[in-house]
Structure formats: structure tokens, C-alpha cells
Amino acid sequence: MNYLAIVVAALVPIVLGFLWYNPILFGGFWMRESGMTEEKLRSGNMAVIFIVSLIFSFFLSMFLQTLVIHQIGAVQLIGGDPTAEGILPSFQAFMNDYGTNFRTYKHGALHGLLAGIFLILPILGINGMFERQSWKHIFINVGYWTMTLTIMGAILCGWV
């Protein structure tokens, strides 16, 4: 695990959210589609919102690496400790053959993109329909999370 990559990836939702939901990009559309007002925006405790968002982003970063780094699955199959006694030689042979395969920014970005399409879109789409949100609102949020996971996946997988 690259803990520095995990921390940097955890910052992506905050930084991208600042840009994505800025009035210059999609902020105006998002406010209109969600019914958000300037007054309502100012009413929240921003310190709590950012701290909890950062904690959740860290959780997301920790989990996302299991989707974008295939070698984690191999380590999980042997119980998580490659140095433990009793590990079969086939594990080391596998790691010798495939140990750094698919550890690129491009591969991580692909898996982040797929997570956005096949996890985030259905989740936010279902919620949005039941909350009677517009498709514009749903796609603004899905676009943000898909872009976020794509960048996070690239960082987590490629930063070896």
C-alpha cells in the first residue's frame, strides 16, 4: 500500500468538488436543479462538513484501491500476509509473473471510470428518481463522482 497515494487520492473529492460545483462550471446548474440557495449554503457548519467529507474521502480512497490494484486480490486470497509461514510457492510464482502488471495511471483511471458508470450512476440514478430529482441534477452529481473516481483510481493504481 502506498499511504501517500491514499492520502493524496483522498484530497481529490475536495479539490474537484470545489471546481466542479463552482458557479463557473456546474455550480449554478446544480444549485438551480437541487433547489439550493446561497442562504442555505451558508447555513451549514463548513468545518464539520469538510472534516467529515475528508474522512469519507479517505474511506473511499482506502476501498477504491481494492478495485484498481489487482495484486491486492492475490494477497487477500492468501490471508493478507505474504510473509506468513505456509504460503504456497504458487503465490510467489504468481507475483513474480504478474506482480506489477496493470499498475499504471491509465489502468487505474479505467477502473475508476467503470466504478463511476457501474456503481455511482445506478446508485445516484435510483436515489435521484425516488427523490424526484431532474436528470440534469443526477448527471451533474454522477459526472462529478465519475471524474473523481477516475482521478483517484489513476493516483492509487499508478503511483507505485
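A pocket is defined, on a 1 Å grid over the protein atoms alone, as an open set of points where a 1.4 Å probe fits, with protein on both sides within 12 Å along at least five of seven lines; residues with an atom within 4 Å of a point are said to line it. Grid points are joined across faces, edges and corners, and the volume is the space filled by probe spheres set on the points. The model is predicted, and local features therefore need pLDDT of at least 70 and side-chain atom pairs pLDDT 80 or more, whereas totals for chains, interfaces and linings use all residues. Residues are numbered from 1 along each chain as its sequence is written, and side-chain values use heavy atoms, with hydrogens and water left out.

The protein contains eight helices and zero strands, these elements being DSSP runs numbered from the N terminus (helices H or I, at least four residues; strands E, at least two). The order of the elements from the N terminus is α-α-α-α-α-α-α-α. Along the principal axes, the C-alpha atoms fill a box of roughly 60 × 30 × 25 Å. Of the 160 residues, 32% are buried, where buried means under 20% relative accessible area, exposed over 50%, and partly exposed in between (1.4 Å probe, protein chains only). A contact is counted when heavy atoms lie within 4.5 Å. Among contacts with a separation of 6 or more, 79% join residues 24 or more positions apart.

Threonine 148 is located in helix H8 and is buried, with a relative accessible area of 0%. Beyond its neighbours within four places in sequence, threonine 148 contacts Val12, Pro13 and Leu16. The C-alpha atom of threonine 148 is 9.1 Å from that of alanine 9, although 139 residues separate the two along the chain. Phenylalanine 56, in helix H4, is exposed, with a relative accessible area of 53%. Its C-alpha atom lies 8.4 Å from that of alanine 10, a residue 46 positions away in sequence.

The largest pocket holds about 1100 Å³ of space. Its lining comprises 29 residues, and Gly17, Tyr21, Trp30, Met46 and Ile49 lie nearest the centre. At least two lining residues come from each of helices H1 (3–20), H2 (27–34), H3 (38–42), H4 (46–68) and H8 (135–158). Helix H4 contributes the most, with nine residues. By class, 18 lining residues are nonpolar, eight polar and three charged; Ala, Val, Leu, Ile, Met, Phe, Trp, Tyr, Cys and Pro count as nonpolar, Asp, Glu, Lys and Arg as charged, and the others, Gly among them, as polar.

The second largest pocket holds about 260 Å³. Its lining includes Met1, Asn2, Met62, Ile72 and Arg103. Helices H4 and H5 (71–77) are the elements that give two or more residues to this lining. Seven of its residues are nonpolar, four polar and one charged.

Side chains of opposite charge can pair when their charged atoms come close. A salt bridge requires a side-chain nitrogen of Lys or Arg within 4 Å of a carboxyl oxygen of Asp or Glu, and by this rule one is counted. It joins arginine 42 to glutamate 38, with the closest N and O atoms 3.6 Å apart. Both residues belong to helix H3 and are four residues apart, about one turn of the helix. Arginine 42 is exposed, with a relative accessible area of 63%, while glutamate 38 is partly exposed at 43%.
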